[in-house]
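Please open the model in your viewer and keep the selection panel handy. We will go from one selection to the next, with a short note on what is there at each stop.

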Amino acid sequence: MDVAAAREFLRANHRAVMATKKANGDPQLSPVTVGIGDDGRIMISTRETAMKVKNLERHPRVWLAVFTDRFFGDWV
């Protein structure tokens with residue numbers, strides 16, 4: 001799937017699981033809500049105090065799986 005098709009998928013589907021790295025390097029998986037900003041960048045809804053934010057401040061890398069409300073079927 002190309003980037004434009006992935007963005008279109010995210011415009012219609014907002015449920016995702018995001019993985020970040022804990023301080024010890026282990027993965028932390030978090031259910032999140034996602035969207036696409038006016039600039040085409042992916043936006044994640046979270047609280048500033050969430051562990052995923054602290055993880056990203058240490059290791060600014062993220063893995064994201066976005067899927068439909070039905071869960072089964074297409075995903076990015």
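## First stop: one leucine

Select Leu10: leaving out residues up to four places away in sequence, it touches Val34, Ile36, Ile42, Val66 and Val76, where contact means heavy atoms within 4.5 Å. A word on what you are viewing: this is a predicted model, in which local features need pLDDT of at least 70 and side-chain atom pairs count only at pLDDT 80 or more, while totals for chains, interfaces and linings use all residues. Residues are numbered from 1 along each chain as its sequence is written, and side-chain values use heavy atoms, with hydrogens and water left out.

## Zoom out: the whole chain

Now show the cartoon. The protein chain has two helices and four strands, arranged along the sequence as α-β-β-β-α-β. These elements are DSSP runs, numbered from the N terminus: helices are H or I with at least four residues, strands E with at least two.

## The sheet

Select the strands. They form an open sheet of four in the order S3-S2-S1-S4, with antiparallel pairing; two strands pair if DSSP finds at least two bridges between them. Strand S3 (42-45) and strand S4 (63-67) are the edges, each with a single partner strand, so one side of each has no neighbour in the sheet. On average, neighbouring strands are turned by 40° against each other, direction ignored. Axes here are lines fitted to C-alpha atoms, for helices over the stretch in contact, and angles run from 0 to 180 degrees between N-to-C directions.

Next, pick S1 and S4, which pair in the antiparallel sense over five bridges. Ala16 has Val66 in S4 as its bridge partner.

## The helices

Which residues of H1 are buried? They are Ala6, Phe9 and Leu10, buried being under 20% relative accessible area and exposed over 50%, with partly exposed in between (1.4 Å probe, protein chains only). Turn to the face of H1 away from its buried side to find the exposed Ala4 and Ala12.

Then select helix H2 (residues 51-58), which lies across S1 and S2 and runs at about 50° to S1.

## Last stop: the core

Finally, select Phe9, Leu10, Ala16, Met18, Val32, Val34, Ile36 and Val66, the eight residues of the largest nonpolar core. Such a core is a set of buried Ala, Val, Leu, Ile, Met, Phe, Trp, Tyr and Cys residues joined through side-chain atoms within 4.5 Å. S2 gives the most to this core, with three residues.
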